[in-house]
Each structure stands twice: as structure tokens, then as C-alpha cells.
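Please prepare a short briefing on this model.

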Amino acid sequence: MRTRSGRGAARGRVDAEAHRVAEVGHTAKGTVGGRWLLLGKDGRLTAYARTGEGLLRWTESRRGGPEWTGPDFFPVAGLTHLTVAQGADTYVHFLGRREVRRADGPPVVDIVHAIQYQTGRAVTEWRSLGNAHKDREKAARFGVPVAAVSGSGRVHVFTRNAGGGVMLRREGSTGKWEPWQDLKGSGVRDGIAAVAHPSGCIEVLAAGETTAMRWRQGEADGDFRQQPNIPVRVVPGTASALPSGPERATFYWADPDVGGLVAHRPGQWAIPLGGVPDGEPVAVLRAGLDGYDCTVLAHRDVDGQVMLAVCGTENEQAGLWWAPTGERSLGAPALTLDGHGRVALAVIDPAGMLCVARQTDEPGLSLTPWARV
């Protein structure tokens, strides 16, 4: 694992008592962006959610559960959006869009970043990554951040700018943040999807009104090159991505014309998946089931019900069947593998509680009853 001066300094400034506050009356108001159920280096799961005042965190007491601690509350003022990303080093990165209201004129908007280095440990202080626009009117229209972490641990942050293009800010090789870079694009809407391939190269998909734009690196931590546009329509905020083959991603989104979800691999036709999504990204996970390479999908439908489906990886055209899980969610569900390699599905229920179901020992993918934390 690399050690960089910027992160080492940030770790040294962490004050656990100041940044880790026991939960007193805080309940989740919704989910955060990104894959918000994450596996740490010690094999324990951590789940994250939002309140109106900051971040909530639940942590497994031991590998595989079922007991959890939390929620722990981390106050963060002024956030309008928050997303999480995790690298191969298992560090968890938090990226937020912050608004500070002023008595006159538009709010002051910037992107902020914090890190959790180890499961159950403190979160560093929140540091500003600034805004690509100097003009306050334009800066106020700066978009929602999305992040991916390269194989070397460098964080890449993507955001829609005021003109409808995509901006990138990333860590340099020394840990110092590079300036904002304009990747171009036009008519981009919030809900960018970013994915890191096993090689460490990152690929990005951004939806416009009548087309989807894509960028990817030719080598890890290299420059981004724009790829041919994809003539499709994407419901804003519904795109997600999964590494599904050698340096190949499958993208998923809700199609406003079809009315359901679709899967797409660049250079191929979009594949209808059905479902009745509620404007949130579909959660996707690659997992081995009964000796087969499978993709597990979960989404929230228009009634708030969480639906689950399984297909062979890159074999969506063979069909899949959406099954109700019996639980409703305040936002997008999350999928991951727990410390024993079992599929784990998590939601934030309408009461703001974390609920978790796990794969049983039965063939296929059957889940345990929901456990409320």
C-alpha cells in the first residue's frame, strides 16, 4: 500500500472525539450516493446514510455479523448531496456538494472531501476541493460530485459544470490535488456514473438529453479520452456501472421511452431489463452463485419496494425476473459481498433504520429475513 504525505498529514489531524459523536436522536433521512455498503480490510461491513445535519454510519461488530454498532453521527453543515467511493486500499472517500447561503446573491458552492481509513475509525476533517467556476452565478450551478478511485489509490472526482460539461479534479502522484480539468461534453445532467476497472483505469458515463457521453483512460492514472457518443436517452440520476469483462463495463440506467431498466455495453444494443424504477440508480454486484459468474441487481420501484434479480454476467439477454424483497427503502438499495463472501443487501427503511438481508446456504440466491439494526 502506498503512503502519501497528503493522506498521512490528514490522518494525523483526526480528532476521534471531535469527529465521532455517539448517535443521540439521529435517524437516516435517505441514502448517500455510490455503493454505500462497503467491506473493510478486516472483513467487517459498514453502511452509510444521510441526515439533514450530516453523515450516519453503522459498523458490523465482527466479520459476517449479525451484530452492528451505531449509528455514529458525523456532523457536516450545508451538504446538499453526499457520495462515497472505496479504493483497493479499502479507504472510504466521502465527496459532498456544500452550499453556504449568503444574505445577498447566490449561495457559495464548493465540493468537500473526507476520508475514513479503517473500519469503525474516525473520519478526517472535511477539506474543500473548491469549485471550477470563479463567477458566483456559475459556481452556484455546479453539479453533484461522483468519485472513483484508481488502482494506485488516487481519487478522481467528476462533476457537471454550469455549462453542461464534465469537470474532473483528482489527486496527483504526491497526494496533492491537481487543478480542475474540463473534459468537455454538452447538456450533461447530474447522475454521472464512474467505474474503476481491475487494471486501475477509470471509465465515465454522463447522460445528456438525447445521448450518453463516455470517457475512459488508456492507462491507469492517465489522461481521459472521450469515446463516441451513445444515441440513447437516460433518466437523470439512474445510471450505474459494473466491471463485467476484461477492461469492459456494463452500464445500467432507466430508459424514459421503454419505461424500465436497460443494460448496455459500448458497441452493442441496449438490453431491456424490465422493472419499474423510481429514479434511483440500480445497485449491481458481480458474484459467484452455484459456480456461475452472475450479476445481482436491486432497485427501488415506484412504490418504494425493493426488487431483486439475477442473471449471468453479460448475459442479460437471456432474461431475468424481478422478485420483491418484502422491504421498502428511502433511497437506492446497496449490494456487496460480506466477510464470508455472501451477498448482502441493505436498505434504509421508511423509519430511517438500516435493514440487512444476506444470502443463505440454499442454491441460487435466497435471502435471510430482514434484520433491523
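A salt bridge here is a side-chain nitrogen of Lys or Arg within 4 Å of a carboxyl oxygen of Asp or Glu. A search of the whole structure finds 27 of them. The model is predicted, so local features need pLDDT of at least 70 and side-chain atom pairs count only at pLDDT 80 or more, while totals for chains, interfaces and linings use all residues. Residues are numbered from 1 along each chain as its sequence is written, and side-chain values use heavy atoms, with hydrogens and water left out.

**Terms for what follows**
- Buried means under 20% relative accessible area, exposed means over 50%, and partly exposed lies in between (1.4 Å probe, protein chains only).
- Helices (H or I, at least four residues) and strands (E, at least two) are DSSP runs, numbered from the N terminus.

**Salt bridge Glu67–Arg62**
- Glu67 pairs with Arg62 in a salt bridge, and their closest N and O atoms are 2.8 Å apart.
- Glu67 is partly exposed, at 37% relative accessible area.
- Arg62 is also partly exposed, with a value of 45%.

**Salt bridge Asp110–Arg98**
- Asp110 and Arg98 form a salt bridge, with the closest N and O atoms 2.7 Å apart.
- This pair links distant parts of the chain: Asp110 sits in strand β9 (residues 108-116) and Arg98 in strand β8 (residues 92-100), 12 residues apart.
- Asp110 is buried, with a relative accessible area of 12%.
- Arg98 counts as partly exposed, at 24% relative accessibility.

**Salt bridge Glu314–Arg248**
- Between Glu314 and Arg248 there is a salt bridge whose closest N and O atoms are 2.7 Å apart.
- Distant parts of the chain are linked here too: Glu314 lies in the loop between β25 (305-312) and β26 (323-328), and Arg248 in strand β20 (residues 248-254), 66 residues apart.
- Arg248 is partly exposed, with a relative accessible area of 32%.

**Salt-bridge network**
- A network of salt bridges links Glu60, Asp338, Arg342 and Arg358.

**A four-stranded sheet**
- Two strands pair if DSSP finds at least two bridges between them.
- Four strands make an open sheet in the order β27-β28-β29-β30, and their pairing is antiparallel.
- Its edge strands are β27 (334-337) and β30 (371-372), each of which pairs on one side only.
- β27 is joined by four bridges to strand β28 (residues 343-348), and the two run antiparallel.
- Ala334 has Ala346 in β28 as its bridge partner.
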